[in-house]
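Work through the exercises below with the sequence and the 3D structure side by side, and try each task before reading its solution.

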Amino acid sequence: MTSNADKARELLRLHTDPELLLVVNVWDVITAKVVADTPGTKALATASHSIAASYGYPDGEQIPRDLMIEAVGRIAAAVDLPVTADLEGGYGDAGETVSRAIDVGIVGANLEDQMKPLADSVRAVEAAVAAGERAGIPFVLNARTDAFVKAGDRDLQEVLDEAAARGRAYLDAGASTFFVPGPLDEAMVSRLVDELGPQKVNVIGIPGSVPLARLQELGVARVSYGPWSQNVALTALAELAEDVYAGGGLPEGTRKLN
């Protein structure tokens with residue numbers, strides 16, 4: 001088995017490599033194994049929304065921290081690839097939460113700012129970075145801003161200005177990369193990369209996103225899919241149920257993956 005330090009170094013390398021890192025988010029052991037066994041997979045990322053939903057909790061730190069840590073630990077133990085975990089806003093103590101995640105084999109994490117005051121968000125980033133340093137691994141902290149998620153009807157250029165400012169502050173505080181989920185167009189992505197640097201900005205793949213090839217040309221580090229991968233699976237499940245109730249059956253091409 002590769003050590004946590006080796007996995008962390010590999011995860012960091014994947015983020016700094018000019019080739020765009022693609023991570024299809026998983027939420028339990030079987031989804032982790034299926035994605036890990038798919039050719040082209042280099043690392044795994046968990047989705048907090050999807051894990052919470054699988055246990056019957058709404059998104060937004062409603063799932064108990066202990067249960068989230070157990071879930072991501074099971075995923076990390078089931079595969080040999082580096083695993084980065086979505087740890088929401090840190091469950092009230094980003095440093096302790098990251099330390100506990102490292103203890104169960106996690107080598108990177110998303111940390112949401114939830115649009116808290118910037119000084120508070122920076123302190124959370126610093127605490128998470130310090131947890132990785134104490135563990136002696138190059139922990140890959142992906143500091144996330146919810147600027148676009150919580151934008152409402154604000155002017156999008158103002159939102160972009162704030163996102164860029166928060167990104168710079170988080171990177172200066174030691175974050176490895178900066179995650180900006182939301183409906184970003186090519187000009188917005190380009191500006192963020194120009195201001196924060198190549199291989200520093202991560203985005204989410206959603207319907208209508210900038211094409212992957214173009215994101216790589218722009219210098220984006222990583223594209224993840226958050227809860228969308230679970231929605232793809234749930235769509236297939238719902239369609240199966242609909243077809244069965246209409247007198248049909250399993251769709252052709254179904255593979256037995258577990």
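**Exercise 1.** Find the unit that β7, helix α9 and β8 make, and state its handedness.

*Solution.* Strand β7, helix α9 (residues 212–218) and strand β8 form a β-α-β unit that is right-handed, which means that, with the strands pointing away from the viewer, the path from the first strand over the helix to the second runs clockwise. Helices (H or I, at least four residues) and strands (E, at least two) are DSSP runs, numbered from the N terminus. The model is predicted, so that local features need pLDDT of at least 70, side-chain atom pairs count only at pLDDT 80 or more, and totals for chains, interfaces and linings use all residues. Residues are numbered from 1 along each chain as its sequence is written, and side-chain values use heavy atoms, with hydrogens and water left out.

**Exercise 2.** Describe how β7 and β8 pair.

*Solution.* Two strands pair if DSSP finds at least two bridges between them. Strand β8 (residues 222–224) pairs with β7 in the parallel sense, over three bridges, and valine 203 stands opposite valine 223 in β8.

**Exercise 3.** Carry out the corresponding analysis for β6 and β7.

*Solution.* Strand β6 (residues 177–179) and β7 pair in the parallel sense over two bridges, and the bridge partner of phenylalanine 179 in β7 is asparagine 202. With helix α8 (residues 186–196), these strands make a right-handed β-α-β unit.

**Exercise 4.** Which way do the residues of β7 point, and are they buried or exposed?

*Solution.* From β7 (residues 201–204), Val201 and Val203 point one way, whereas Asn202 and Ile204 point the other way. All are buried, where buried means under 20% relative accessible area, exposed over 50% and partly exposed in between (1.4 Å probe, protein chains only).
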